[in-house]
Every structure is written in structure tokens, then in C-alpha cells.
Amino acid sequence: MDTLVRRGMGVDQGCPRCGEAPETTVHMALLCEGSKLLWKLSPTRMKVQEWEGSFKEWCEEYIKHCKRERAWEITMMIIWQVWNVRNKWVFGRKLDDPALACKRSMLLLGEHEAAKIREVDSLAVGDQPNPSWKPPTRAMYKLNTDAAMPTNGGVGLGMVVRDGVGDIMMCAG
Ligand SMILES: [Zn+2]
């Protein structure tokens, strides 16, 4: 989609929040002032700089340099909240508090982890434990992102994350 906008094929692509740039996925997720603030307030304390590539390329680059899995999990939750904050404003003219949005993303992450623990518990106490099952020694996260441009010219974000055991952790669209 970013390529289409660069080629001038998009229609009315101004960012509905800041109006200062075309609303590419990269702009929406990382570069818009509202999103930048959320990143800064998040546990990542990330100062988002300009990024010339696509959002998918940014994610791939980020994963490459991400030393801890936990950091990547947090990042996924922040991306999810950035998207929600954007939608609340665009569709409901409701300005979400970035600090609260950060807190929400950490709560979601806690719930996901609690669900994983419950799964392990139920396997441990089950009547017929599956002998071939063993906890993943190193969870691998695979991310598929896709940005689609609806015919009315909006921006869309599709995201599927899978960990080492094939759980879909997040699906946005
Ligand atoms: Zn913007």
C-alpha cells in the first residue's frame, strides 16, 4: 500500500489525525504524533525515528534486533493499541489517553500469559498426559502483516502472530 501512495495512486490519503502526511501503515503505526507518544510512554520507551521502508520491513528489522522475546510481545501489544487508539479517533472522534492505552496493552499481555500457564497446568494434571508434548524451549514468533487499502481510501492493518506452538496471539484487521 505504501508503494501505491508513493506512486500517487491513493485517493485522499491525508492522515485523519494529524493531516501532516499520507496515512500509510508506517505513519499510522509509528510516525504519527499520537502514535509516537504512545510508544514513548510504553515500557519499550521507544523513540520512533523516521522509517523509509514498509511497516512489514520495520517489523522484520525489529524482530532481528529484538534480544528478548518479552520485548517483542510488548511491542505487539503496543501496535495493537496504537491501531485501537487510531480507530477510536477516526471512527468515534474519541481521544484515547495514550498512558491508559499502554496500561491496557500490558493487561492484555498479562491475560495472554495467564492463559498459557492455564494450558500448561491442565496438561500437567490431565488424566492422560500427552507424552509427546513438551514445552517449547524457545518460543518463536512469526509475524504476518498486511496492509490493505479499501476502495474508499482508508488504511487497514491485518496482523497474525504465531508463537512456537502455533497459537494465534493476535489478529487485527
Ligand atoms: Zn498522522
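This is a predicted model: local features need pLDDT of at least 70, side-chain atom pairs count only at pLDDT 80 or more; totals for chains, interfaces and linings use all residues.

Visitor: Which helix is E57 in?

Guide: E57 sits in helix α4.

Visitor: And how far apart are the C-alpha atoms of E57 and V26?

Guide: They are separated by 9.7 Å. Along the chain, E57 and V26 are 31 residues apart.

Visitor: New topic. What's the phi of R45?

Guide: Near 50°. That is a positive value, and R45 is not a glycine.

Visitor: Where does R45 lie?

Guide: In the loop between α3 (33–41) and α4 (55–65).

Visitor: Is R45 buried or exposed?

Guide: R45 counts as exposed, because it has 8 C-beta neighbours inside 10 Å.

Visitor: Let's move to α5. What span should its 24 residues have?

Guide: At 1.5 Å a residue, α5 should span 34 Å. Its end C-alpha atoms are 34 Å apart, so the two values agree.

Visitor: Which residue follows α5?

Guide: R93, with a positive phi near 50°. R93 is not a glycine either.

Visitor: Which loop is R93 found in?

Guide: The one between α5 (69–92) and α6 (98–125).

Visitor: Why does R93 count as exposed?

Guide: Because R93 has 7 C-beta neighbours inside 10 Å. The exposed class takes 12 or fewer.

Definitions and conventions
Residues are numbered from 1 along each chain as its sequence is written. Helices (H or I, at least four residues) and strands (E, at least two) are DSSP runs, numbered from the N terminus. A residue is buried if 20 or more other C-beta atoms lie within 10 Å of its own, exposed if 12 or fewer, and partly exposed in between; C-beta atoms are placed from the backbone. The expected span of a helix is 1.5 Å times one less than its number of residues.
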